[in-house]
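Student: I have just opened this model and would like to find my way around it. Could we go through it together, one question at a time?

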There are 4 protein chains.
Amino acid sequence: MNLWFTENQTDNLRLSFRVKNLVEFRKSKFQTLAVYDTVEYGRLFTLDDFVMLTEKDEFVYHEMISHIALSCHPKPENILVIGGGDGGTIREIERHSRVKNITLVEIDREVVEISKKHLPFVACGFDDERVSVIIDDGIEYIKNHKNKFDIIFIDSTDPVAFAEGLFHTDFYKFVFDALKKDGIMVAQTEYPFLKGDFIKEVFSSLKQVFPIVSPYLAFIPTYPTGMWSFAFASKKYHYINDLNPEFTKDFAEKLKYYTPEVHKAAFALPKFVKDLIE
Amino acid sequence: MNLWFTENQTDNLRLSFRVKNLVEFRKSKFQTLAVYDTVEYGRLFTLDDFVMLTEKDEFVYHEMISHIALSCHPKPENILVIGGGDGGTIREIERHSRVKNITLVEIDREVVEISKKHLPFVACGFDDERVSVIIDDGIEYIKNHKNKFDIIFIDSTDPVAFAEGLFHTDFYKFVFDALKKDGIMVAQTEYPFLKGDFIKEVFSSLKQVFPIVSPYLAFIPTYPTGMWSFAFASKKYHYINDLNPEFTKDFAEKLKYYTPEVHKAAFALPKFVKDLIE
Amino acid sequence: MNLWFTENQTDNLRLSFRVKNLVEFRKSKFQTLAVYDTVEYGRLFTLDDFVMLTEKDEFVYHEMISHIALSCHPKPENILVIGGGDGGTIREIERHSRVKNITLVEIDREVVEISKKHLPFVACGFDDERVSVIIDDGIEYIKNHKNKFDIIFIDSTDPVAFAEGLFHTDFYKFVFDALKKDGIMVAQTEYPFLKGDFIKEVFSSLKQVFPIVSPYLAFIPTYPTGMWSFAFASKKYHYINDLNPEFTKDFAEKLKYYTPEVHKAAFALPKFVKDLIE
Amino acid sequence: MNLWFTENQTDNLRLSFRVKNLVEFRKSKFQTLAVYDTVEYGRLFTLDDFVMLTEKDEFVYHEMISHIALSCHPKPENILVIGGGDGGTIREIERHSRVKNITLVEIDREVVEISKKHLPFVACGFDDERVSVIIDDGIEYIKNHKNKFDIIFIDSTDPVAFAEGLFHTDFYKFVFDALKKDGIMVAQTEYPFLKGDFIKEVFSSLKQVFPIVSPYLAFIPTYPTGMWSFAFASKKYHYINDLNPEFTKDFAEKLKYYTPEVHKAAFALPKFVKDLIE
């Protein structure tokens, strides 16, 4: 079938997926949501025509946003996820038995709904009894919680529209305050090959707020350029020195991307990325 | 201008670049060659409508195909490059003053010509007096040289048509014989996310021939999936244990991707890649 | 939604429709069938990725394939349609109360099924009690019927694969024999702007078989070039001289394209088309 | 070469041409201009990424905008063309030896320049000594000339930006005044299949100004829907009754679309078009 979903990755770059089936399309108060079956990457979930995840490569994003911080924090009991309404991130967090409570704050109820309906491979994350789902604006939520979480994950869409506020110094200060005194924040921070200035700014902001800050990288084929960055921002624990391979040992065989070696390697930045943030 | 070059990365996946200018298009005896100016990635060079390199991200491929082996071999005097007719790989090799001779064997004379005409940022590699360019079939060339080279780089196109033979056990045996007793071979080996079976086979073949074999990875945005693999195959030197950071120290500031840390990290394979080759 | 169905109209020309919904996709013994909802043209039906009809412009094809011959034949009692399994052509034929029997011979049962399921605006043609549907190869069917029909409509797909035989002299001879002594054949005959040689050949073949032959034209936006040709081939009645406007008078107000003036105008060929067939 | 120029015909419909060569791209004060060589339609000229003409089908537009009025007016001595800076329309007008002066008023000097440089098949129109080219805003020009022209051709781009004023009642009144007492105006008026409301409005405006008004149609494959409309608006001469086939007889063999029969047929409107303007 000559049917294609195209992501305009930038004004001048497009990635097109051959589509076998349009599973659902809907508009929420915040955005358009669509689920497709693609030939190359299996099920594909988009928001406002941007790729959120595909069945075939979502494991990279979800393992790498979660296990890095969870492998460095010795006692990650209370976890907050801002965004992440598809469930993939909490699916990975739940693998850690040390985690006692996971609060997921998603602004758009329909992201959770469509995921539960059509994306069972990520939505399986909602089944765990440690999880509380709150439909709310993450920024408002953060403002109203102080000294509460061990790790906060910012699993957001791109920095446009309602997600834009998630990438500013002010917001990072609220996150800092919402974390306990040895807390860690991890956030997705876009793609260095084409968004160097943005990344420079984000890390400059983070460094004003947190004492320990570093980007780290992962290969994500269906995101622009295939090289995705995350921010590790921490009050106390170091991303390499405090890495404890024991923390992922029980379920190491179930993972498809993360290993303790990959953890360390993810912080070995290509020179142009290093230069960006120094 | 609504003018687009599209690479059919697979039958079901397309990457499209907005084009500002078509610089040249020609047909050689072997393939079609085209040079475009794109908005996002600058100058783009294609063979048979497949992306060979772009001005903006070629540094990754060329630094990572070359400096890994050159950082492990203590005395890399005689170097052979099969393919690589654009000049980018030899540009990087030339940074190493320990290298005395570089022989480049390119099957298609017009690749060299078009690069010299339109791709000065890679074709600058041809200016060095240590370089000899031979227009010939790399397979034939290899067969006729024994015990001669310290490092052989297989900088080929995708494993189709005339390049297909570059990925078989028989060819690897010729390479083995063409290397000196402590020689190293590096080859580009496609993208693990979508070509897992191919990579499995290639590394299985390599292991039958070489005692030390490992894939390593680099982020290349304009190649399919953005995650590219290379094979390191060596008779004696190990890709990590024999890494000597001194070998790239003199020109470290000129590089944009490679660092000794990136070198090590490139061998930390995501679990699914590791599983592929074990 | 950035989802597009693309018809490769030729190797070098593509028409793309933004799709709102994929209604159904299936493979039959003969071809792939798909039904989409498009933004610009409403429901779209394709066979092997070629546009068969759209909700918004199908009226042109179906009115123009049928009413021309039916307006020239004084007593069109027995009608045969080869192909046309979507029902659109018989829907138009049924408007003529002079018609007593309509036999539709469609090779692919699933065309009829999918039309009944998803294309009610054309499939309404199946409801009339004068209609008999036969699932069979039209060429075989024609061979086995002599001197039987007043008008035969060849409502086929493009001249490739199993439809190819519908455009040869031998087939036209069978059609001639299947017609009564004053019978008329009408066939779709592709697009003169880009298929001049094909049309030349088809009309040369037809003229060897029928005494009265002419192409006529209609504007069909979703077919290649927008200019579609039909063949009028007749044993006795002339396409202009025997036109009787009374024959469409009762339902003239229900039509959207055909009028007796349009009928005449359709035979006024642009000079390059006239030159093609002379 | 997998290089494509795409016209976004509407927000939901795209036509793509495989490109062999980008001949020239430039920006003028008014618009972007580009010339391509396409595989299917030869040389292609675009303004702001909209198709203006192609080598292979421009004859339809240029013959049909010009010969209709020129075949109805008995003494077309002074001709004005608004727009038409590529030269194709004046090339056709010049075939009529009864014409004494042709004034072409084009707003963008660079349209004339690029046509002379790259589109010799239409730019040949500038060589005739009866032609005066004026670089000016057509609306201003018309306002300042009264009772002067026998025929005025509005050979404009689509009704957006600076061309928008060419489709309003006020403008038509200026045209009326600029014409002699038996003058005729012809204008291109877009595509009825998708711009019905626009056409309804244009013809309603024209009827308020001119006593004799009718649309007529031509097949133009590279314009949206392939069915293009023109307005014939006249003070005295009728588009059918005053048609004199003698007026095109001398060069009839040189034309590829227009014939006196095609002239008449062009006014036989499909019922939905007729309904639009009644």
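Predicted model: local features only at pLDDT ≥ 70, side-chain atom pairs only at ≥ 80, totals over all residues.

Student: Which element of chain A gives the largest share of the side that touches chain B?
Tutor: Start with the whole contact, which takes 42 residues from chain A and 42 residues from chain B. There are 16 residue pairs in polar contact between the two chains, counting those with both residues at pLDDT 80 or more. On chain A, strand 1 (3-10), strand 2 (13-27), helix 1 (58-72), strand 11 (212-219), helix 8 (260-266) and helix 9 (271-276) each supply at least two residues to that side. The largest share, 6 residues, comes from strand 2.

Student: How many nonpolar, polar and charged residues does that side of chain A have?
Tutor: Let's sort the side of chain A that touches chain B by class. It has 10 charged residues and 8 polar ones. The nonpolar class has 24 residues.

Student: Which three residues of chain A lose the most area to chain B?
Tutor: Chain A and chain B bury about 3700 Å² between them, with carbon and sulfur atoms giving 66% of that. Three residues together make up 20% of what the chain A side buries. They are A:N12, A:F219 and A:K271.

Student: Which residue of chain B forms a salt bridge with A:K271?
Tutor: A:K271 is one of the three residues of chain A that lose the most area to chain B. There are 2 salt bridges between these chains. In the one made by A:K271, the closest N and O atoms are 3.4 Å apart, within the 4 Å cut-off. The partner is B:E253.

Student: Now to the other pair: what area do chain C and chain D bury between them?
Tutor: Their contact takes 42 residues from chain C and 42 residues from chain D. Of the buried area, 66% is on carbon and sulfur atoms. C:N12, C:F219 and C:K271 supply 20% of what chain C buries against chain D, more than any other three residues. The total buried between the two chains is about 3700 Å².

Student: Which residue of chain D forms a salt bridge with C:E253?
Tutor: Chain C and chain D have 2 salt bridges between them. In the one made by C:E253, the closest N and O atoms lie 3.3 Å apart. The partner is D:K271.

Student: In strand 2 of chain D, what is the bridge partner of C:R14?
Tutor: Look where strand 2 of chain C runs antiparallel to strand 2 of chain D, residues 13-27. The two strands are joined by 5 bridges. The partner of C:R14 is D:S16.

Student: Last one: why is chain A as compact as a globular protein of its length?
Tutor: Chain A has 9 helices and 12 strands. For its 278 residues the globule rule gives 19 Å, and the radius of gyration of chain A is close to that, so chain A is as compact as a globular protein of that length. The C-alpha trace spans about 55 × 45 × 40 Å along its principal axes. The value that settles your question is the radius of gyration, 18 Å.

How values were computed:
Residues numbered from 1 in each chain as written. Chains lettered and ligands numbered in written order. Heavy atoms only, no water. Contact = heavy atoms within 4.5 Å. Buried area = accessible area lost by both parts, 1.4 Å probe. Salt bridge = Lys/Arg side-chain N within 4 Å of Asp/Glu carboxyl O. Polar contact = N/O pair within 3.5 Å; in protein donor to acceptor, adjacent residues only side chain to side chain. Helix = DSSP H or I, 4+ residues; strand = E, 2+ residues; numbered from the N terminus. Nonpolar A, V, L, I, M, F, W, Y, C, P; charged D, E, K, R; others polar. Pairing = 2+ DSSP bridges. Rg over C-alpha atoms; globule rule 2.2 N^0.38 Å.
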